[in-house]
Amino acid sequence: MAKTKTRDRMNNEINAGSMADIAFLLLIFFLVTTTIAEDKGILVKLPPWSDEEPDITRLKERNVFSVLVNAQNQLLVREEPARIGELRERAKEFIMNPTKRPDLAEGPRNAIISLKNDRGTNYDTYLAVYNELKGAYDELWDELSERRYGQPYSEEMPFAQRKAIRDEIPMVLSEAEPTNFGEEQ
Amino acid sequence: MSKFSKKRGKSSPAISTASLPDIIFMLLFFFMMVTVLRDSDLKLQVNTPEATQLTKLDEKSLVNYIYIGRPTQQYQSVYGTSPRIQLGDKISTVDDIPLFLEQHKVKLPENKRPRITSSLRVDGDVTMGIVQDVKTKLRKSNQLKINYSAGKRAGSLD
């Protein structure tokens with residue numbers, strides 16, 4: 001074999017043709033192992049554990065929006081049967097009480113939503129109810145924020161503004177110890 | 001038309017594939033970034049319900065997952081068909097939760113610990129009893145930030 005001249009060698013290039021194949025191989029590996037699992041959900045802050053029962057007798061009845069869910073996944077809102085679909089509007093009306101009805105909350109600061117379920121309630125139903133109640137607050141915050149700051153309520157807002165809104169309409173959702181009538185599966 | 005017919009005679013030049021590796025690499029890096037190597041093998045069937053008021057969990061390392069659901073077909077002979085709890089990659093009971101939380105906590109720096117979130121991935125069909133037990137245990141363990149994992153619902157409720 002003839003010895004290549006130095007000048008020729010300078011012009012030589014590394015063959016990059018197989019680079020694509022190597023990259024493809026890696027790509028396919030990552031494609032297979034990937035789970036674009038962005039975890040989303042309803043964020044909840046649980047109350048700290050205390051051994052004594054909370055005393056709710058001192059609350060005025062008009063300020064409590066009680067939601068009961070039984071083991072048949074039926075709803076009882078303020079002692080009347082209701083559907084999940086109407087829960088959000090009713091909760092919003094209760095919290096804000098725009099027409100100053102005597103049977104709804106005195107004001108958003110006094111309003112308390114009380115949620116109680118059974119051990120036999122379906123998780124699906126429970127979460128749907130929780131979602132609606134949280135949705136009611138989210139919508140109210142959005143409306144207030146829109147009126148005051150001209151933008152919907154979001155985590156990107158300055159902390160002071162968020163705090164002002166949450167002071168105006170604090171989210172009080174208390175969950176009672178569930179009843180134990182239904183059958184667990 | 002003559003403008004086009006002129007070209008037809010010529011043989012088309014080969015498309016240069018020199019930039020192909022770059023494109024592939026770009027895709028590769030994208031997938032490497034978004035990849036989370038699946039760390040636990042799910043032994044339960046978990047179909048989370050759908051909801052609308054969702055929050056995105058930002059820092060993955062600050063989240064621990066608690067799965068609740070019925071064992072899948074292949075594990076039913078061992079664990080039965082009633083809903084069970086899975087922590088990490090093993091089926092556990094409620095009493096294992098404090099240890100599980102502690103094991104996750106020690107891996108994190110002190111200043112980030114208050115921001116730990118427990119994500120509850122619960123199957124829509126299970127009843128609240130077992131979920132309630134888990135919640136009570138979490139409250140007793142002082143792990144108060146929780147997340148009910150759910151998918152995005154597009155339509156409205158009935």
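Is A:K100 buried or exposed? I looked that up before anything else.

**Entry: A:K100.** A:K100 is exposed, with 8 other C-beta atoms within 10 Å. (Buried means 20 or more other C-beta atoms within 10 Å of a residue's own, exposed means 12 or fewer, partly exposed is in between, and the C-beta atoms are placed from the backbone.) I found A:K100 in the loop between α3 and β5 (112-117) of chain A. Its phi is positive, about 55°, although A:K100 is not a glycine.

**Entry: ground rules.** I'm working with a predicted model, where local features need pLDDT of at least 70, side-chain atom pairs count only at pLDDT 80 or more, and totals for chains, interfaces and linings use all residues. Residues are numbered from 1 along each chain as its sequence is written, and chains are lettered from A and ligands numbered from 1 in the order in which they are written. Helices (H or I, at least four residues) and strands (E, at least two) are DSSP runs, numbered from the N terminus.

**Entry: A:E79.** I then checked A:E79, in the loop between β3 (75-77) and β4 (80-82) of chain A. A:E79 isn't a glycine, yet has a positive phi of about 70°. With 7 other C-beta atoms within 10 Å, A:E79 is exposed.

**Entry: where A meets B.** I noted 45 residues from chain A and 48 residues from chain B in the contact (C-beta atoms, placed from the backbone, within 7 Å). On the chain A side, α2 (19-33), β1 (40-45), α3 (84-96) and α4 (123-149) each give two or more residues.

Entry: β1(A) pairs with β8 (residues 145-149) of chain B, antiparallel, over five bridges; pairing takes at least two DSSP bridges. I see A:G41 opposite B:S149 in β8(B).

Key: Contact = placed C-beta atoms within 7 Å.
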